[in-house]
Amino acid sequence: SRPSATEVFSGMTRIPATLPTEELVRRLNEMQPPAITAYPTVLARLAAEKTAGRLTIEPLSLNVTSEPLTDEARVAIEAAFGLEVGNTYGCSEGLSGMSRPGENAFVFADESCIVELVDTHNRPVGPGEVSAKVLLTNLYNLTQPLIRYELTDRFRVVPGPHPDGHLRATIEGRTDEPFRFGTVLVHPLVVRSVLVRRAEVYEYQVHQRASGIEVHVIADSTLDCAGLAAELTLALATAGLQGAEATVEPVESIPRDPATGKARRFVPLS
């Protein structure tokens, strides 16, 4: 029988996201958790294991945090588990928000912070526009005040009106540093927009090389690596980097920060 609602949220067990997929599956199958909160990239990998029959858990709720949840990942996760995914946002500077299961937009607790969505020149952006960054003023941390602190997350405001008056926005990712090749700058969106269209790719890390990029992927065995590399090469050329080479290499794991569990998605040349 399934646990009651009070039993579901009575405690939490942490499993490091840095573990191999096989070990994650083994521990989860052993625990049979009724609720899961994970990075979207990790939950997408678990969705593939669930579809393949190796993961046998039947959770009552799913929630993701700390990374952008792409439409492709959401579809794969919800299809595998038969549940809508909730999403949470939080930063150590004080801003927090949450989306309802199945919805993309976050509702932010903006009574605790002044939140300014701006472009690269700190000019306000309007509803429907994607900000280059967020300027955050914390209203409750009196020990260490933060005034217009710059967050590199990119928000898109959902047009209102909203009866409760709270900020509603989708998060379009983080403003990663562009790769510089001589006089040519390649924005991470050039690469990311190709990768997120591939449902077979669960997780990735892009390394800048002298001749182009090398992409490490955790992916389904059906991924056409040569075809993906060709798409990326074309994208680089379209962005102005003629003669560049893109390679795609399947890997078992991608390094994550041992303290936060997060992975760096774009790694420039040293």
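Asn 122 sits in the loop that runs between strand E6 (113-118) and strand E7 (133-138). In this predicted model, its phi is near 65°, a positive value in a residue other than glycine. Asn 122 counts as partly exposed, at 35% relative accessibility.

A second residue of this kind is Arg 148, where phi is near 55°, again positive and again in a residue other than glycine. Arg 148 belongs to the loop between E7 and strand E8 (149-151). With a relative accessible area of 41%, Arg 148 is partly exposed.

A positive phi also occurs at Gly 82, where the value is about 70°; this glycine comes just after helix H4. The helix itself covers residues 71-81, and its buried residues are Ala 73, Arg 74, Ile 77, Ala 80 and Phe 81. Viewed down the axis of H4, these buried residues fall within an arc of 145°, so they line one face of the helix. On the other side of H4, Val 75 and Ala 79 are exposed. The cover over the buried residues of H4 includes helix H3 (40-52), together with strand E2 (61-65) and strand E3 (85-90).

The cysteines come next. How many disulfides does the structure hold? The count is zero. For Cys 113, the closest cysteine sulfur is that of Cys 91, and the separation of 6.9 Å is too far for a bond, because a disulfide requires the two sulfur atoms to be within 2.5 Å. Cys 113 counts as buried, at 2% relative accessibility. Cys 225, by contrast, is partly exposed, its relative accessible area being 21%; the cut-off for buried is under 20%.

The remaining points concern the protein as a whole. Its secondary structure consists of six helices and 16 strands. Along the principal axes, the C-alpha trace spans about 60 × 45 × 35 Å. A compact globule of 270 residues would have a radius of gyration near 18 Å, and the 20 Å of the protein agrees with this. Of the 270 residues, 43% are buried. Among contacts between residues at least 6 apart in sequence, 53% join residues at least 24 apart. The accessible surface of the protein comes to about 14,600 Å², and carbon and sulfur atoms account for 54% of that surface.

Methods
Residues numbered from 1 in each chain as written. Predicted model: local features only at pLDDT ≥ 70, side-chain atom pairs only at ≥ 80, totals over all residues. Heavy atoms only, no water. Buried < 20%, exposed > 50% of the residue type's maximum accessible area, 1.4 Å probe, protein only. Helix = DSSP H or I, 4+ residues; strand = E, 2+ residues; numbered from the N terminus. Arc of directions from axis to C-beta. Contact = heavy atoms within 4.5 Å. Rg over C-alpha atoms; globule rule 2.2 N^0.38 Å. Areas by Shrake-Rupley, 256 points an atom, 1.4 Å probe, with all protein chains shown as cover.
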